[in-house]
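Try each task before reading its solution.

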Amino acid sequence: MLTVENVSKHFGGLVALDHVSLAVHAGEIFGLIGPNGAGKTTLFNVITALYEPDSGGVRLRTQMLSGRKPHEVVQHGLARTFQNIRLFANMTALENVMVGRHVRTNAGVFGAILRDRATRAEEQATTRRAQELLDYVGIGRHAHQLARNMAYGDQRRLEIARALATDPVVLALDEPAAGMNPSETESLMTLLSRLRADGVTILLIEHDMRLVMGLCDRVLVLDYGKKIAEGAPAVVRGDARVIEAYLGSVPT
Amino acid sequence: MPASWRRRWQHLRHDRRAALLAWLVMAVVLVLLPFVTGGLLGRSWVRIVDFALLYIMLALGLNIVVGYAGLLDLGYIAFYAVGAYLYALLASPQFGLHWPVWAILPLGAMLAAGFGVLLGAPTLKLRGDYLAIVTLGFGEIIRIFLTNLNAPINITNGPQGVSLIDPIAIGGFSLGETQSLLGITLPSTYTYYYLFLALSLAIVFISIRLQDSRIGRAWVAIREDEVAAAAMGINTRNVKLLAFAMGASFAGVSGGLFAGFQGFISPESFTLFESIIVLCMIVLGGMGNIAGVVLGALLITIFPEALRYLGDVQQWLFGHVLVDPNDLRLLVFGLALVLVMIFRPAGLLPSVRRRREFSADESVLSQEQASLYDTRR
C-alpha cells in the first residue's frame, strides 16, 4: 500500500534519516517507534511531502508521492495528524472537519456566490458527513464548540476526524496518544481498531508501548535515523538493539 | 443589560416579522438618505456619502484579502488605480474612446483580478511583515508606472492624469447631469448615490455568500494554520491567489466608478496613504466582520469631513477660531484612531473570531500552544 524506498534526509550536517525503507500493507496498523530525535516525525514529513527527501522516494500504491505538494498527497489518499495538535483553533469542531472535506468537494467562487442547487447539495452533504465523522470518533456532541476550548483528548480525536474527512486510504497518526491517561488511551485503541476494521490502513508514531504492543500488526524501530529492527511487536520488543536504544547498554 | 431585556432582544432577533420590519425601515432610510442629507447638511455631504460608498466597496474587497485569508496587503490601492485608469482610458478624450459603463466595469474587475494574481503570485511563500513590504512595493510600483507611462507613447498622461472622463451613463441617462424623475429633481450626486448603493449592496451580498462557503472556510483555514491547511488537502497557492483576485476585482469596480464620478484621475489619488487608510477602515471597523468593515469605512470617510466644522465649533465655544481646523482635523482623527486601538483593539464591531483572538486569555493560550517544532518546507 505505502512504500518508503531508501529515503535519506539531511539537515546540513545532521543526518535525520539514513536510507530508511518500509512497506505498509493494506489494512494493517503499522507502528513507527524509537527514541525521541530518531527521525520518526521527519519520516512522516517526508511521506506527506512537507519535506523533500535527499534520496529515495515514497510511493502510495502505484503513485509516487515524493516530489509532490502536500495537498496532492492528500488528494491521492494519505492524510495525517500532527504531533503537536494543529487544529484550526478559532473554528468549531464541525468547521474543522468540514475543511477536511475541501479536497473531495469542488464548489468554487461562482458556486459560493450563486448557491445553485448543486452547491447547496454539496454544502449539506459536507455538513452531514462532518457530523457523522464527529460522531464516529466520539465527539459528536461538541460539534459547535471551538476547537481551542475542547478538552485535550477531544482535540486529538477531532484531528483524527478531520483527517478522516479527506477520505484517506492511509492515515498517518503522529503520537495520537500523547498526553492521554490510560483510559483515554484505551478508547483511542478502540477507535483505531474500528478504523482498521473499516478498511483504513494506519501508520502511527507512538511512545506508548501498551498501545503499540496491543494494536500494531507490525512495527519498525528507528534510532538516529536508521532502521534497527522491524517485525511483529512481540519480536521487536525482545531485540537487543531495540532494548539498548531505549534503555541504554548494560554497564559492565 | 438586565436579563429580561436580553431575553427580549434574543426573542426579537429571531422574530421574522420584526426582521422584515427592520429590513423595510432600512430600505426606506437608504432610499431617502440623499434627500435627507442634502436637505439638512447640503449637497456637498451627499458627495461625501458617495465617496463613503466607494470606500465601502474597497474596504470589503480588502476584507477578503486581509480579513478572511489573513494576507496583509499594503498595496491594495493599486487595483483601485487599475480599475480607474481602465475606465479613464476607455471613456475619455485620451484615446477618443467612449465605451459604455456596463462594458468597462466587468473588464475593470477582470483586469484588476488579473493584476491581483500577478501581484499575489510572488508573495505566496512570504508571511506577515515580508508579505506586507512586498505588496507595499508592488502598490508603489503600479503608481510610479502610471505616472511614467506618458513617454514614448502617451498612455496615461503621466502626472497630469486623465481629465474630461465621461460621466457614467445608464441607458441614455447621464449621471453627470441633474435628472428629473417623476417630478423629483435628482442632482448628479443623488443619482450616483443610487448606483453606488446598488453596487455596494451587491458586494456586501457577495461577501456574505463567500464567508459561508467552501472557499470561505479554506481562507480561514489558511489564516489559522497554513501548514495544517495544506496538510488537509487545500491547494494553498490557488486559494490565496483567489483571495487576491476577488479582493482586487472589487477594487477594480470601485475604481471604474470613481473615475466616472470624479471625471478626473491622477496618480496622486493612488498613494500608499490610501492603501493604509483602507486598511485602517477594516482594522478599526472590525476585520472579517462585514458590518464592522462597512462601519469602519463610513466612519473614516465621514469623521474627517465632519471635523471640518471644528472651526464653527470653536466659534461657538470661544467666539473665535483658536486653531486652524485643517490642522486640527488630522490631529483629532489620529487621536481617535489611537483611542480605538487602546479601548477596542479588535475593532469597533469585531467578528466573533477576531474578538476571541484578541482576548487576554487567548494571547497567553496561543503562546502556550505555539511550539518550537514547526514543519516547514
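pLDDT is the predictor's confidence in each residue, on a scale from 0 to 100. You'll want it here, as this is a predicted model.

**Exercise 1. Work out how confident the model is about chain B, and find a stretch where pLDDT stays under 50.**

Solution. Start with the average: chain B comes out at a pLDDT of 87. Next, look at the share of residues scoring at least 70, which is 92% for chain B. Then go to residues 371-377 of chain B, where pLDDT stays under 50. For that stretch, the model has seven contacts beyond four places in sequence. Finally, note the scores for the model: ipTM 0.92 and pTM 0.89.

**Exercise 2. Describe how helix 5 and helix 6 of chain A pack.**

Solution. Two packed helices are described by the angle between their axes and the distance between those axes. For helix 5 (residues 117-137) and helix 6 (residues 152-164) of chain A, the angle is about 135° and the axes are 9 Å apart. So helix 5 of chain A is oblique to helix 6 of chain A. The crossing is right-handed. Now pick out who touches whom: helix 5 of chain A brings A:Leu133, A:Leu134 and A:Val137, while helix 6 of chain A brings A:Arg157, A:Ile160, A:Ala161 and A:Leu164. Sort these residues and you get six nonpolar, no polar and one charged.

**Exercise 3. Find what chain A brings to its contact with chain B.**

Solution. Count first: 31 residues come from chain A and 31 residues from chain B. On the chain A side, the elements giving two or more residues are helix 2 (70-76), helix 3 (93-100) and helix 4 (109-114). Last, sort the residues on that side: 13 nonpolar, twelve polar and six charged.

Notes:
Residues are numbered from 1 along each chain as its sequence is written. Chains are lettered from A and ligands numbered from 1 in the order in which they are written. This is a predicted model: local features need pLDDT of at least 70, side-chain atom pairs count only at pLDDT 80 or more; totals for chains, interfaces and linings use all residues. Axes are lines fitted to C-alpha atoms, for helices over the stretch in contact, and angles run from 0 to 180 degrees between N-to-C directions. Helices (H or I, at least four residues) and strands (E, at least two) are DSSP runs, numbered from the N terminus. Angles under 35 degrees count as roughly parallel, over 145 as roughly antiparallel, 65 to 115 as roughly perpendicular and the rest as oblique. A crossing is left-handed if the near helix is turned anticlockwise from the far one by less than a right angle, and right-handed if clockwise. Two residues are in contact if their C-beta atoms, placed from the backbone, lie within 7 Å. Ala, Val, Leu, Ile, Met, Phe, Trp, Tyr, Cys and Pro count as nonpolar, Asp, Glu, Lys and Arg as charged, and the others, Gly among them, as polar.
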